[in-house]
Amino acid sequence: VIAESDRAIACMGAAEIANLIQMRNAADLPTVLGLATGKTPILLYRELIRIAREKALDFSRVITFNLDEYYPMSAHSPQSYHHFMRANLFDHIDIHPAHIHIPDGTLSRKNIANYCTEYEEKIQQAGGINLQLLGVGENGHIGFNEPGSEVDTRTRLVTLDPITRQNAAAEFGGETNSPSEAITMGVATILEAQRIILIASGSKKAHAVQQTIDGPVGANVPATYLRSHSNVTIYLDPAAAKHI
Ligand code: GLP
């Protein structure tokens, strides 16, 4: 879907999430959301908060799993995805704190593998992800599944791509301070969601978007794996869609 602006994308994405929550609440079912960070979803979360207030949307049965977190990273650090999610969404809706899951950036290295297995198990125990929200990196990453991430990857510790580190540099006061690792859901984890919406805006994403839609499917551009999923919508603004 090519919409007229990043705001239009945000409104469409937020409306879909709000409708899903409403429908599942009405059927007395929990809603399991996979959530993303980055600049792109900020407007969508703002719109979701607005709809939540306007329609008194009940988040009490919403369970969330975030895609990723830097490693190492304190949940209190302003650069953490924990902080991002509180500031941009969770502090503004009535979600139960025990229903929020974000990879833990404070683990000791030896505990990470077990933790990642448990993260996957928690998604399964919640009933699987009903809707996964995604952005896309300039290099075609989804979550922190950087180029080279295969289709069968699961939640794990990864090394960040130089492009990702460059893009994060401003927030960390320079590239040398930019984290070099992260914990991310895998490509396989993402592809298990019932429904996926990817949002992208701005011309910096145009090449990755073109590759995602028309390029060869493979680990060089992990977002291309979305083409093997039967229920994905990509929402773009005109700048992000300029090469397709
Ligand atoms: C970040 C996140 C991704 C996000 C992507 C794009 O580093 N790990 O989940 O989709 O890169 O970020 P932005 O929306 O800021 O361009």
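The questions below concern a predicted model.

Trainee: How many helices and strands does the secondary structure of the protein come to?
Mentor: The model is predicted, and local features need pLDDT of at least 70. The secondary structure of the protein comes to seven helices and nine strands.

Trainee: Why is the protein described as being as compact as a globular protein of its length?
Mentor: The C-alpha trace spans about 45 × 45 × 35 Å along its principal axes. For 244 residues the globule rule gives 18 Å, and the protein is as compact as a globular protein of that length because its radius of gyration is close to this, at 17 Å.

Trainee: At what angle do helix H1 and helix H2 pack, and which term describes H1 relative to H2?
Mentor: H1 covers residues 6–26 and H2 residues 41–55, with their axes 8 Å apart and an angle of about 50°.

Trainee: Which residues in H2 does H1 meet, and what is the class make-up of the contact?
Mentor: H1 passes H2 in a right-handed crossing. Residues in H1, including Ala-10, Ala-14 and Ile-17, meet Leu-43, Leu-44, Glu-47, Leu-48 and Ile-51 in H2. By class, this contact has nine nonpolar, one polar and three charged residues.

Trainee: Which residues come nearest to the ligand?
Mentor: The shell around the ligand has four nonpolar, seven polar and two charged residues. Of these 13 residues, those that come nearest are Gly-38, Lys-39, Thr-40, Gly-135 and Gly-137.

Methods: Residues numbered from 1 in each chain as written. Predicted model: local features only at pLDDT ≥ 70, side-chain atom pairs only at ≥ 80, totals over all residues. Axes fitted to C-alpha atoms, helices over the stretch in contact; angles between N-to-C directions. Helix = DSSP H or I, 4+ residues; strand = E, 2+ residues; numbered from the N terminus. Left-handed = near helix turned anticlockwise from the far one by under 90°. Contact = placed C-beta atoms within 7 Å. Nonpolar A, V, L, I, M, F, W, Y, C, P; charged D, E, K, R; others polar. Near = placed C-beta within 6 Å. Rg over C-alpha atoms; globule rule 2.2 N^0.38 Å.
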